[in-house]
Amino acid sequence: MFQDIALAGPILLPALAALLLLGVELLAGGRRSQGSFLLCALGALVALIYTGYFLANGRTGLAFNGTLNVDNTALLIALIVHFSALLAVLLSRSYLAARRDADAPEYYSLVMAAASGMAMLAAANDLVNVFLGVELMSIPLYVLAAIRRKSARSVEAGLKYLLLGAFASAFLLFGMGLLYGASGSTLLSALPAEIARLETNGGLAAFGVVMFLIGVFFKVAAVPFHMWTPDVYEGSPTPVTAFMATATKAAAFGLLLRFTPVIATGMGPEAGSSMLAVIAVLTMFVGNLGALRQQNLKRLLAYSSIAHAGYMLVGVAAIVAEDGGEIALTGSSAIVFYLGTYAAMNLGAFGVAVVLDRGEGREGVNELKGLCSERPLLAAVMAVFTLALAGVPPTAGFLGKLYVFSCAVQARMYALAVVAVLASVVGLFYYLRLILLMYFTPREEGAEPRLLRTDSFLAVASFVCAVLVLWLGVLPAWFVDFVEATVRG
Amino acid sequence: MLMFAFQQTSAVADHVPLLPYLLIVLGLVAALLTLPLLLGRKTKNAVKSASYECGVAPKGSARQRFSVHFYLVAVLFILFDIEAVFLFPWALNIQGLGLAGFVEAVVFVAVLGLGLGYAWRKGVLDWQ
């Protein structure tokens, strides 16, 4: 019992923080204070340290009758989720200070509740827990997207996310029902064997897998289930967008990694991996081509996040193609490495977006013009994140792409690897445009000087991200070894 | 596996008597829709074409705003309804579940209680 609760710590600690934050709000009664910010940051930090401690000491295992499988991959994903939550909370302080309308008392509590759901999704080993995790993750995010109640864009984002998210949940549930029908089990780890045993129902299992995947694809914003992403990312408060883009992806890919054996048995390795490869190619191209024409920084980053989901799906396709064996381990560690580095660079880029925004909704790409001459440090940090998102060598973004694409080569999916490299070349254009704007385009004549204020929490967050992106890019060996060793368990 | 295949075919065979039923239903619906068209007398006037021929005449737009309180109360109702659904099986098995089960139920109710307190504080229960 206590063993179970200890193993579920990465899930329970943020949930506890969320409840405490609600309780504080109950007692404080509407008075705004720094208290909830500090309590939330502390909660995320404690969850991060706790998860890291369990990871470092190899404390893993099944909990609650096997319905939670807190293995090393789950702990690594939870680590990324709590890291994202902590940094998003640090970004939130200056954003909320500048935009009073987003400063609802529930804000921090909802962030923690969503983090709890994401950690649960990563560890869920039972279809019921998967659904619980998805909803615990999604419902707070719907509210957070719409938290600026007076802003039409924010409410539009929340409503779109809610309606399409509920629709996707229905697909997910339908898929779960069919999978249960095809196997007679709700345990994810038992599904492949049961589906193989009752193979007369092959069609049913394949249909269930596809339905389930539609729900997951919606959450990771894979084409053709990406329509909501640009609008929701643009309308949500910037720190929430950063949290959504990084932590939701990490959690959903954690689920996807655990689900790969079910895809391989339910659909067959060839059919499953070809479907994933087609989705991956579509996602990479639609994301990168869509980003080319964007004038809004948040929309641009939204399309970029779609493209990044595509890159990671390349790895998932490779894992399904081989169905077990060596590639399952290298593929999982490559995707987890990608998720970790993507979290750092994307949170950093959104942090710069918060600085440029100044609480006035200045989200245009043109806000970056001439940033280098005014704020060289900020421009340099943004350049690091942009290069990392583009996948240029001295940064971690390059290595993430390299590992994921080499998985496709390992699985002998050469065409997919070539297409993925081509897609990232397309991506270079719009990332380099941002750098061009910062370094080589002066501001218009007579533009008033910008008063960019950098909150110290935000500065620390961006600094940590930049250091991580460069460090993991230049000296990746320790992190790669760590991820590989832990994923192997 | 053979056993399973047999079960499946017998499951299909079980539903064969439903086929005439389905046909009768479809035929009845088609008949009820087409016969009045062929046999009925057609009168057209303002009263006939009103939305509710024999009811109160609709007044005003259907797109009225109504208080968000209805929604909040409905959400609270669902929450506590589901709480009851969870607590009944727990109460029936309380002896088997022991102290751990009791603590779990207390935590569950406490979390819901916190939510209720929060909703109360936010004025969800005050009806203006």
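Student: In this predicted model, which hand does the crossing of H14(A) and H17(A) have?

Tutor: Glad you started there: H14(A) passes H17(A) in a left-handed crossing.

Student: What makes H14(A) roughly antiparallel to H17(A)?

Tutor: Start with the value. Helix H14 (residues 326–357) of chain A and helix H17 (residues 396–410) of chain A cross at roughly 155 degrees, and their axes come within 9 Å. Angles over 145 degrees count as roughly antiparallel, so H14(A) is roughly antiparallel to H17(A).

Student: Which residues make that contact, and how do they divide by class?

Tutor: From H14(A) the residues include Ile327(A), Ala334(A), Phe337(A), Tyr338(A) and Met345(A), while H17(A) brings, among them, Ala396(A), Tyr403(A), Val404(A) and Cys407(A). By class, the contact of H14(A) with H17(A) has eleven nonpolar, six polar and no charged residues.

Student: Is the crossing of H5(A) and H6(A) left-handed or right-handed?

Tutor: H5(A) and H6(A) cross in a left-handed way.

Student: What residue classes are found where H5(A) meets H6(A)?

Tutor: Among the residues in contact are Leu110(A), Val111(A), Met118(A) and Leu121(A) of H5(A), which meet residues of H6(A) including Val130(A), Leu136(A), Met137(A) and Pro140(A). The contact of H5(A) with H6(A) divides into 16 nonpolar, four polar and no charged residues.

Methods. Residues numbered from 1 in each chain as written. Chains lettered and ligands numbered in written order. Predicted model: local features only at pLDDT ≥ 70, side-chain atom pairs only at ≥ 80, totals over all residues. Left-handed = near helix turned anticlockwise from the far one by under 90°. Helix = DSSP H or I, 4+ residues; strand = E, 2+ residues; numbered from the N terminus. Contact = placed C-beta atoms within 7 Å. Nonpolar A, V, L, I, M, F, W, Y, C, P; charged D, E, K, R; others polar. Axes fitted to C-alpha atoms, helices over the stretch in contact; angles between N-to-C directions. Parallel < 35°, antiparallel > 145°, perpendicular 65-115°, else oblique.
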